[in-house]
Amino acid sequence: MKIAIASGKGGTGKTTLSVALAQAADKNVQLIDCDVEEPNGHIFIDAQLDKHEDVTIPIPVLDKTLCNNCGKCGEICQFNAIVTIGDKTMIFDDMCHSCGGCILVCPQQALTEQQKTIGYLDSGSNTINCGQVHQLSFIKGSIKIGEAMSPPVIRAAKKKADQNQLTIIDCPPGTSCPMMTAVCDCDFVLLVTEPTPFGLHDLKLAVETMRCMDLPFAVIVNRDGCGDERVSEYCSAEKIPLVLKIKDDRRVATAYSRGEGLLSALPELAPKLRSLLDDISTWTKPATEGKQ
Amino acid sequence: MKIAISTSGTTLDAPIDPRFGRAVRFLVYDLEQNNFTLVDNEQNLNATQGAGIQAAKTVVDCGAQAIISGHCGPKAFQVLSAAGIAIYHSDGSTVAEALEQYNNGQLQAATDANVEGHWV
Amino acid sequence: MKEIVIISGKGGTGKTSVTAAFAALCNHAMLADCDVDAADLHLLLDPEIQQSHPFISGHIAKIDGQRCINCGKCFSLCRFDAINPPQTNDKYTVTPSSCEGCGVCVHFCPEQAIEFPERRCGEWYHSETRFGPMIHARLDIGAENSGKLVSLVRQQAHKLAEDKQCQLILVDGPPGIGCPVIAATTGADAVFVITEPTYSGKHDLLRVLELTKHFSIPAYVCINKWDINPSMAQEIQISAAKNGATLIGTIPYDSKITSAQIAAKTIIEYDDSISALAIKEIWHNFAKALNIEQNQGN
């Protein structure tokens, strides 16, 4: 079962909650940090990330001796990554989306593909004891600084996971391509928000995205009490299950600032999270039913 | 020799468009004939990315051997240089002013891009 | 004209609240919300929309079921898993959210059965607020390419700033360090980074500073809620300096920031609270550092 932890707005506690859920689980679990622009999960997990690998994408490389500067590659490229000027053909690989069109269209077979590193995967595992002893495997995706495209790194991180194990996916914020890449084909999505106007506004966008993608989801309110009641009112009006409220508590903020997780500040939360995981697995049992 | 100037207008009195890649159009001035033609850069305004690269190609295709613009990013610079086109930056306010600066030898050919790429 | 981009790396550090406060403090700045994924600035500034425009970006493949002969060529060529094989008695279809708009299927379809219309990805607006003109945008659900919309918002903000003779463009930037952030910051005069004294805040700040260094943009750092963990705040101050950034000030934890948000006001208008005072001083110092003309009395 794959559960994605997402939110429209950043800083609502996605990572905190992903880590806490993985720690509270009563069976072996994988935690995948798909917030590849700013991965933070590893800070809260004492895992040795001893395996390192590169994430690469294919980019075209030109054999100048074969190229006759016909310009066909530049014509098919929708991303302006190749241009032919007179007797010179130039490739701008940071604009390339790896569609492979130029390779296919080249009449001279002058283009071949080479792998280019755009990010990294670091992984490792650890034994957790938050009431239930289990193994936590951690996979961290991170984008190389200066690279623009995160979806391939997110896809690579997700692919590395064992499909048969309970998997928690910490998603990037927002509702555009990176977030959608992270939540797609998950069995359930938990949207974390805070009870403020910003939180509510961004929650609505996230809800729209979930409905558009036809994914089952529920809402968790973090820092409950710091704002107003409009998030709860919205959820009940929209018939969205609000499955957990985590009280606004300075102990949590302080623990977080030191790189300590939610459960070290509020250990009493562990059984609640465990039963939430159980509930989700019952809701998703017949994969297509039981949503909302 | 022809020289292309990025502009948002259609006459010599029109202001210089400080953008190169996403300039509205180029006024291509023929220094021998003392007349000019206009080349639209319209499709680049909506380009997903790489407007500078395409604008450079447009300039090359219209036969200009030099350009005058406000800013030129690294990719456009690379393409223009590969095609042997000289790049001048002018702080003049109109096309005519920029041409005058050029004719008086007040403009120096750029040796490097003067803005960072905008990526998209 | 100066352009300042306010970013945070990590989300939820108070970036939008501080941007709105700056808008209240400076004299008729041009405002731009480049956090197009989760644009929140309008919740505090209540813009009145003057014009709205569709945001068109790239193209999308669309299979014409009439002409499709189910040869499967598009399916085998697509690298983005955007083509779905036919269900019973059906033709191949495109999943719009997965289509990258590369046009490979369009080019190679033997029946020319794939159309390639322009793609509407959202809307952008020119508005007026009580603090000055504002450009903002909304990305359609499932739309891609927010980096291009960010560029568009900045471009339009530049244009409007010239028309209105604004001396300053204040940009609320996106979180992260990827495409949208790169699009929001390249070529700006300075980046103002708001962080918080947490491990995650520090970690993300360092990634952001690597990016600003990569693109040679001067970076100024402000630590919000510094008193949550003073020793971490100090650590951040040291590593910011080591990475070539200037620490411009700190803001104490203040629940009034949330109260102001609920009242749809900037903290400057809401209350003379501790955070408002700190932000005023930071703005004063920042404006001085960048030679920005300052409002009388602020």
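Modeller: We will go label by label, from a sheet to an interface. Bear in mind that this is a predicted model.

Biologist: What makes S3 and S11 of chain A edge strands?

Modeller: Strand S3 (51-62) and strand S11 (242-247) each pair on one side only. They end the order S3-S6-S7-S2-S8-S1-S9-S10-S11. That order holds nine strands, the sheet is open, and its pairing is mixed. Neighbouring strands are turned by 20° against each other on average, direction ignored.

Biologist: How do you know that S2 and S8 of chain A pair?

Modeller: Pairing needs at least two bridges. Strand S2 (residues 29-33) and strand S8 (residues 166-170) of chain A have five bridges, in the parallel sense. Therefore they count as a pair. One of the bridges joins Val29(A) to Leu166(A) in S8(A).

Biologist: Which helices lie across these strands, and at what angles?

Modeller: Helix H5 (residues 151-159) of chain A lies across S2, S3, S6, S7 and S8, at about 50° to S6(A). Helix H8 (residues 230-237) of chain A lies across S9, S10 and S11. H8 of chain A runs at about 170° to S11(A).

Biologist: Now chain C. How is it divided into domains?

Modeller: Domain 1 of chain C takes 2-55 + 121-289, and domain 2 takes 61-116. Their centres, taken over C-alpha atoms, are 41 Å apart.

Biologist: Why is the contact between Arg207(C) and Glu38(A) called a salt bridge?

Modeller: The cut-off is 4 Å from a Lys or Arg side-chain nitrogen to an Asp or Glu carboxyl oxygen. For Arg207(C) and Glu38(A) the N to O distance is 3.6 Å. That is within the cut-off, so the label holds. Across the interface of chain C and chain A, the rule finds three salt bridges. There are also 23 residue pairs in polar contact, both residues at pLDDT 80 or more.

Biologist: Which element of chain C supplies the largest share of the side that touches chain A?

Modeller: H7(C), with nine residues. Among the other elements that supply at least two residues each are helix H1 (15-25) and strand S9 (132-139) of chain C.

Biologist: How many residues make the contact, and how much area is buried?

Modeller: Chain C gives 60 residues and chain A gives 56 residues. Together they bury about 4,600 Å², with 59% of it on carbon and sulfur atoms.

Note on methods: Residues are numbered from 1 along each chain as its sequence is written. Chains are lettered from A and ligands numbered from 1 in the order in which they are written. This is a predicted model: local features need pLDDT of at least 70, side-chain atom pairs count only at pLDDT 80 or more; totals for chains, interfaces and linings use all residues. Side-chain values use heavy atoms; hydrogens and water are left out. Helices (H or I, at least four residues) and strands (E, at least two) are DSSP runs, numbered from the N terminus. Axes are lines fitted to C-alpha atoms, for helices over the stretch in contact, and angles run from 0 to 180 degrees between N-to-C directions. Contact means heavy atoms within 4.5 Å. Domain bounds come from an automatic or database domain assignment. Buried area is the accessible area (1.4 Å probe) that two parts lose on being put together, summed over both. A polar contact is a pair of N or O atoms within 3.5 Å; within protein, one must be able to donate a hydrogen and the other to accept it, and residues adjacent in sequence count only if both atoms are side-chain atoms.
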